[in-house]
Amino acid sequence: MEAGSGPDNYSKPEDAAQFITVSDPVQHSEGMNKYTSFRVDVRPPPQPNDGTNPDGSSTNPDDVFQNAGYSAVLRRYSDFLWLYDRLQKERAGAIVPPIPEKQAVSRFSAVFVEERRIHLERFVRRVAVHPELYDAPSLDTFLRADDVTFHAAKTIKGSSADAMMMSMSAMPNAPSYMNTNPAMSMSGMPIPPPPKKDGIKKWFAETKASIAGDLVRSPDDDLFLEIDRYIEGLEKQMKNVQSQASGLVRKGKEIANGLFEFGMAFNILGQSEADDLGNALTKMGSAADELSNVSMQHAEKEMAQFEEPLKDYLKTIHAVKLALTKRHDRRLTYTTYLSEVNTKRGNLAKLRMTPGAEAKACGAEMSLKRGEANAERAREEFATVSQRVLREVDRFKREKGDEMRRVVLDYINLQIEYNKKMEQVWAELLPKLEVVQNPGGAVGGSNGSNYSNQGIPSNVVTDVPVENEVHELSQPQQPHVYSGVSNMNNGVGQNMLGLEGSVQYRDNTNFPISGMLS
């Protein structure tokens, strides 16, 4: 997207999965339990006129959306969370898209439900187009399984759940982007079933290996160390940027509120004045109201197109760190199995040298073979996860670089649009105020400091000697000065008390100044 182009010209990766929708939130109550369900629809994308089979399916083997059958299911938030957790296990090392966080309060308000629906839809679409996750068995189960089957898949733990979802993915009517054999690795080699865990014993062994710090080495360790430093530094800098962006949005809303109060004050002031001055003040207040609306709309756009993408970027960085943690876990597991193999080899050597321990030696030899098989599976899984993490980090840098460029360009365009609207409001107000005449008469002179006597009442003294004015102000006030006011002629007294006009002036020609000077 070039500078100056609108954000609609940019296509996000998840836009390719618009055939998946999350809609129709409905609240349910089951005793004390209350939750919101969402309808998840999968509609077949439109097929091109060429390159398709007679049944309408695509002939392109790389088309991950071919043969996508229609389905509609009801899912609640905990179901989306189950999918997120399962993807972490099935595709360890993949950068799983972030899912909206839990919220304990106000989770049934209309605003929150709609916001959650949008984020859940984006999550599922991102998973559907993810190069490492699109064929995960759990995604197929989530999108197509009926309530009974899905509940069973959530309840069954361990390898039984994996086998159940694998069988669903192998169904003939399953979408091809789900119909990939999950027992095959990325290289096409079969992956053996995961080894049985020995529970607390295995946990102690891995903890011991972790504390010892003598983990198995691999050729990519230096590269992963560099990736760790890069992600740590990137997270620190992005937190600072996101904090500043949130501050800008908050200040923008404060400016909008300030302009609203500013306009209200001018409207009230304009109502207290009359004629052209009151109209001018009212127009100023109306302009401030309009500027308040423009500023509030701008702040909301900044939040949606600048602040929220930065928050989402931070969540993705956290997902990268989680993928790196998965690799570390596989490395630790592999190290633990190697340590166990070495221990069993030593025990077997001692038993073979002990007379009469042939039976124990045979059992130790079988245990050693099982240990070596477990170590080999752990080695393959460690290598698979390591390569997956490298692919994912490369994709993260490439896609997020393009997204950050789009976010920055959108922000620049927002500022240009906002300042143009503000300038337009002020420009429309200026000629309206310039035609307003001075309430006391026309402005005269070159600098507006000289005013004509036109329109001034006849009882206003305009040429009283300056020395008399100075002398009058320099004398202390005497009681008999006020008594002289009652001796003024009836015409002047009536003029003062009648308040004819907006401003009344005292007639100094009949004021007993001589009495003040005596």
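Predicted model: local features only at pLDDT ≥ 70, side-chain atom pairs only at ≥ 80, totals over all residues.
Guide: Residues are numbered from 1 along each chain as its sequence is written, and side-chain values use heavy atoms, without hydrogens or water.

Visitor: What share of the chain is buried?

Guide: Buried here is under 20% relative accessible area, exposed is over 50%, and partly exposed is in between (1.4 Å probe, protein chains only). The chain runs to 518 residues. The buried share of them is 36%.

Visitor: Among contacts between residues at least 6 apart in sequence, what percentage join residues at least 24 apart?

Guide: Contact is heavy atoms within 4.5 Å. Take the chain's contacts between residues at least 6 apart, and those joining residues at least 24 apart come to 76%.

Visitor: Back to α2: which elements do its buried residues pack against?

Guide: The buried residues of α2 include Phe 112, Val 113, Leu 120, Phe 123 and Val 127. The buried residues of α2 pack against β1, β2, α1 (77–90), α3 (137–144) and α8.

Visitor: How many bridges link β1 and β2?

Guide: Strands pair if DSSP finds at least two bridges between them. Strand β1 is residues 20–30 and β2 is residues 33–42, and they pair in the antiparallel sense. His 28, for one, is bridged to Tyr 35 in β2. The pair is joined over 9 bridges.

Visitor: Which residue in the hairpin of β1 and β2 takes a positive phi near 65°?

Guide: The hairpin has 2 residues between the strands. The positive phi near 65° belongs to Gly 31.

Visitor: And which residue other than glycine has a positive phi, near 50°?

Guide: Most residues other than glycine have a negative phi. This one sits in strand β1 and is partly exposed, with a relative accessible area of 47%. Its name is Asp 24.

Visitor: Which residues make up the uncovered face of β3?

Guide: Strand β3 (residues 71–76) runs antiparallel to β2, with 6 bridges between them. One of these pairs Phe 38 with Arg 75. Arg 75 lies on the covered face with Ser 71 and Val 73, while the uncovered face holds Ala 72, Leu 74 and Arg 76.

Visitor: Which element gives the largest share of the lining of the second largest pocket?

Guide: A pocket is an open set of points on a 1 Å grid over the protein atoms alone, where a 1.4 Å probe fits, with protein on both sides within 12 Å along at least five of seven lines; lining residues have an atom within 4 Å of a point. This pocket has 33 lining residues, with Ile 118, His 119, Arg 122, Ala 304 and Glu 308 nearest its centre. The elements giving two or more residues to the lining are α2, α8 and α9. The largest share, 10 residues, comes from α2.

Note on methods
Helix = DSSP H or I, 4+ residues; strand = E, 2+ residues; numbered from the N terminus.
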